[in-house]
Amino acid sequence: MSQTVNIPGTIMLDGPMATKGYPLNKMCYSFNNAAARNEFKEDEEAYYEKFKLTEDQRDAMRKRDVIAMLEAGGSIYYLAKFAGLLGLSVQDVGGLQTGMSTEEFKAFLVKQGEV
Amino acid sequence: MANIIGGITTSHIPAIANAMANGLEDTPYWKPFFDGYPPVRDWLNEKKPDVIILFYNDHGLEFFIDKKPTFAIGVADEYHNADEGWGIPTIPPVTGESDLSWHIANSLVEDGFDMTICQEMKVDHGLTVPLNLMWPGHNYGHVKVIPVCINCEQHPMPQPKRTFALGQAIGRAVQSFDDDLKVAVFGTGGMSHQLDGERAGIINREFDLMCLDKLVSDPEDLTKYSNFDLAEIAGAQGVELNMLIAMRGCLIGDVKELHRNYHAPISNTGSGLMLLEHTMPEK
């Protein structure tokens, strides 16, 4: 049973989402290891199969669609490791999710910090 | 008896590690953040705590969601950092404090906090960044660290009222330890931020500043929030406020604010640095 509340633009990692996202998260957790990152880069499709990703998860990964990864149960903690593998910063990832360029996203952050 | 001499709140974001590794402290982006730290470093160098109890959350280095402890405590004599997958430099080992750790673990379980007790525990940026901020150049080897890890990733996660109570129980445990040790407590993380979803990037400066005020004078008032309240007000990862609340819970005596520096944004977050001096109550 879901224990979370609905906050628009937010996909909370509750029990059912963590169950759904398990293969995707397990794969991304493996990216702590340099050999695993190389194995992924050499053959992404084989790596999806190794962790038995669902079709939705494979599709989200292929499209580099962060929102779809979250909807497929991805935890931002492990998705961040995938972003690191791609050489993306958290501002790049912020931009990708909000439809802003990285520079626009950075400006959005700065604006909120202003007194 | 062991004595808690103070509490510190600090950010722990990985970008800080990269900024320090690349010598960016005096660049316009980073200067307002790093300029806050010298008074805290001076205090630590003057007071010389023997032990740091450090509240942090693991972001997927030691703990995966195959087995995710709600609260974990390290009881080792040494902890290691490791590759986190995104290229921040790995740092030298951290010294532990096994005897006091076990004492706290025993006391907590007796007190109703059923901790996961760890003899091996890789520590991630949540713990290593604050140490390197306080003792730059990885000069933290002389300080003994007790890691206390709180689940901030997967719901259900402990509520602020529970993390505050955990802190209070740790404060009592320290007070009941016979050895004369000087202890400081660090609450690391936050403040407001959200990394994931279309709502990514929200920072709530006003709320962060209110929380810093409350952490000084009325921490119990922060325990009225649920984690969902925090997610709504301060972003999905705003729940990291729990580490700051746990730290403040440890300060069971009188508290005096010595220093504060709030700056936003640092990376995607509001950053709250605060130094609280603490006088232990009579036993």
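## A tour from chain A into chain B

Start by selecting R58(A), which sits in helix α5 of chain A, residues 55-63. Helices here are DSSP runs of H or I with at least four residues, strands are runs of E with at least two, and both are numbered from the N terminus. This is a predicted model, in which local features need pLDDT of at least 70 and side-chain atom pairs count only at pLDDT 80 or more, while totals for chains, interfaces and linings use all residues. Residues are numbered from 1 along each chain as its sequence is written, chains are lettered from A and ligands numbered from 1 in the order in which they are written, and side-chain values use heavy atoms, with hydrogens and water left out.

**Around R58(A)**

Is R58(A) buried or exposed? R58(A) is buried, with a relative accessible area of 11%. Buried means under 20% relative accessible area, exposed means over 50%, and partly exposed is in between, using a 1.4 Å probe and protein chains only. Now show the contacts of R58(A), meaning heavy atoms within 4.5 Å. Leaving out residues up to four places away in sequence, R58(A) touches Y48(A), E49(A), K52(A) and L53(A).

Move to K52(A), one of those contacts. K52(A) lies in the loop between α4 (44-50) and α5 of chain A. K52(A) is exposed, at 55% relative accessible area. Check its backbone: phi is positive, about 55 degrees, although K52(A) is not a glycine. Most residues other than glycine have a negative phi, and most peptide bonds are trans.

**Chain A as a whole**

Zoom out. Chain A has 9 helices and 0 strands. Its C-alpha trace spans about 50 × 35 × 20 Å along the principal axes. Of its 115 residues, 47% are buried. Take the contacts between residues at least 6 apart in sequence: 48% of them join residues at least 24 apart.

Next, select residues 24-109 of chain A. An unreviewed UniProt entry lists this range as "domain: Extradiol ring-cleavage dioxygenase LigAB LigA subunit". UniProt positions are given in the numbering used here, feature names are shortened, and annotations may be inferred rather than shown by experiment. Over residues 24-109 the chain is 74% helix and 0% strand, with the end C-alpha atoms 29 Å apart.

Pick A83(A) in helix α7, residues 76-85 of chain A. A83(A) counts as buried, at 8% relative accessibility. Beyond its neighbours within four places in sequence, A83(A) is in contact with L88(A) and V93(A). Draw a distance from A83(A) to I67(A): the two are 16 residues apart in sequence and 13 Å apart in space, C-alpha to C-alpha.

**The nonpolar cores**

Select M27(A). Which residues does M27(A) touch, not counting those up to four places away in sequence? They are F40(A), Y47(A), Y48(A), F51(A), L53(A) and M61(A). M27(A) also belongs to the largest nonpolar core, which has 86 residues. A nonpolar core is a set of buried Ala, Val, Leu, Ile, Met, Phe, Trp, Tyr and Cys residues joined through side-chain atoms within 4.5 Å. The residues with the most contacts inside this core are M27(A), I53(B), F55(B), I104(B) and I170(B). A second, separate core of 42 residues includes A19(B), M20(B), Y140(B) and V145(B).

**A helix pair in chain B**

Now select α6 (residues 160-175) and α9 (residues 241-250) of chain B. They pack at an angle of about 35 degrees, with their axes 6 Å apart. The axes are lines fitted to C-alpha atoms over the stretch in contact, and angles run from 0 to 180 degrees between N-to-C directions. Show the side chains. From α6(B), the contact includes F164(B), Q168(B) and I170(B). From α9(B), it includes N242(B), I245(B) and R248(B). Color α9(B) by accessibility: 10 of its 10 residues are buried, so α9(B) is largely enclosed by the rest of the structure.

**Backbone stops in chain B**

Go to H155(B) and P156(B), which are joined by a cis peptide bond with omega about 5 degrees. P156(B) lies in the loop between β7 (144-150) and α6 of chain B. Another cis bond joins A264(B) and P265(B), with omega about -5 degrees. P265(B) is in strand β9, residues 254-266 of chain B.

Finish at K48(B), in the loop between α3 (38-47) and β2 (51-56) of chain B. Its phi is positive, near 50 degrees, in a residue other than glycine. K48(B) is exposed, with a relative accessible area of 55%.
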